[in-house]
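Work through the exercises below with the sequence and the structure at hand. Each task is followed by a solution in steps.

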Amino acid sequence: MWRWGWLLIGLFGCAGQGTAPPKSAPAAAFNPAVLAKSTVDRFAEAHQREVFVSLRRLTEKLYKRNPREWKKSGQPSLEAALSRIYDTPHQWRLPELENRRDIEALSLAFRPDYTGDRVLALSVGLASMVQTAFNDKVAFFVTDELDPQRLFNAARNVEIAAWKMNNDRDVDGNLILLSNDMGPPRNLSFEREMGRIIGGLDVLSQVMAERSQRVIITAAQSMATAVFLPIK
């Protein structure tokens, strides 16, 4: 029996923190780690991957719509700026943002007087916030427990960020970030992408609430005056 205990300890020890989850599921070959996973654990990993696919796609769209932003970071190309956010191990702490993560980075992105790369601040804020809600892990096992309230709050923060993208303006009265375009032609792809992120987090928060028999606390906020909710 003790051999199984040591095996599980070894498996859990391999579930280290990462910058972002893998872009696709592991190969179909047998992996002993599956012995320590429940259906809900695999469900959480799949949803996390999908959320990050949408986050990366959202960042790419924003950089294409706002090319001035990635140039502020001194990157040689949009692709390099994108890769730096999602492919480089940095635990979501970057010197340009003074190592801000989560809602601190999000708030920086929408400050009217901010002169740095707003897409970087927004994307790092969203991605690190999601990772905080996932306990900064990219693999989940039977001993792991995700907090449904964190996931719910993260979804609400994405909603607030989406509203701010469409309404907040800089000191010159211009939209802080260009996103949706009512056209013609209409372009609502940003709204749809953020809707996918919100939906994925909401579904997972409900599953985790059922699993742990916990009640999610909800509070109505007016989007015009809403503040980002704490995740920790």
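The model used here is predicted.

**Exercise 1.** Determine how H6 passes H7 and what the relative direction of the two helices is.

Solution. Start with the handedness: the crossing in which H6 passes H7 is left-handed. Next take the geometry. Helix H6 covers residues 118–133 and helix H7 covers residues 148–167; their axes lie 9 Å apart, at an angle of about 165 degrees. Angles over 145 degrees count as roughly antiparallel, and H6 and H7 are therefore roughly antiparallel to each other.

Then list the contact. On the H6 side it involves Leu122, Leu126, Met129, Thr132 and Ala133. On the H7 side the partners are Arg150, Leu151, Ala154, Asn157, Val158, Ala161 and Met165. Sorted by class, the residues of this contact of H6 with H7 are 9 nonpolar, 2 polar and 1 charged.

**Exercise 2.** Find the angle at which H7 and helix H8 cross, and describe their contact.

Solution. Helix H8 spans residues 189–212, and its axis comes within 7 Å of that of H7, with a crossing angle of roughly 165 degrees. The cut-off of 145 degrees applies again, so H7 and H8 are roughly antiparallel to each other. H7 passes H8 in a left-handed crossing.

From H7, the residues in the contact include Pro148, Phe152, Ala155, Glu159 and Ala162. Among those that H8 supplies are Met194, Ile197, Leu201, Asp202, Ser205 and Met208. The count by class for the contact of H7 with H8 is 16 nonpolar, 2 polar and 3 charged residues.

**Exercise 3.** Decide whether H4 is roughly parallel or roughly antiparallel to H6.

Solution. Helix H4 runs over residues 78–86; the axes of H4 and H6 come within 10 Å and cross at roughly 25 degrees. Angles under 35 degrees count as roughly parallel, so H4 is roughly parallel to H6. The crossing of these two helices, H4 and H6, is right-handed.

In this contact, H4 contributes Arg84, Ile85 and Tyr86, while H6 contributes Leu120, Ser123, Val124 and Ala127. The classes in the contact of H4 with H6 are 5 nonpolar, 1 polar and 1 charged.

**Exercise 4.** State how much space lies in the second largest pocket and which residues are closest to its centre.

Solution. The second largest pocket holds about 180 Å³ of space. It is lined by 14 residues, and those closest to its centre are Arg156, Ile160, Ala219, Gln221 and Leu229. By class, the lining of this second largest pocket is made up of 7 nonpolar, 5 polar and 2 charged residues. Arg156 also belongs to the H7 side of the contact with H8.

Note on methods: Residues numbered from 1 in each chain as written. Predicted model: local features only at pLDDT ≥ 70, side-chain atom pairs only at ≥ 80, totals over all residues. Heavy atoms only, no water. Axes fitted to C-alpha atoms, helices over the stretch in contact; angles between N-to-C directions. Helix = DSSP H or I, 4+ residues; strand = E, 2+ residues; numbered from the N terminus. Parallel < 35°, antiparallel > 145°, perpendicular 65-115°, else oblique. Left-handed = near helix turned anticlockwise from the far one by under 90°. Contact = heavy atoms within 4.5 Å. Nonpolar A, V, L, I, M, F, W, Y, C, P; charged D, E, K, R; others polar. 1 Å grid on protein atoms, 1.4 Å probe; cavity = no way out; pocket = protein on both sides within 12 Å on 5 of 7 lines; lining within 4 Å. Points joined across faces, edges and corners; volume = space filled by probe spheres on them.
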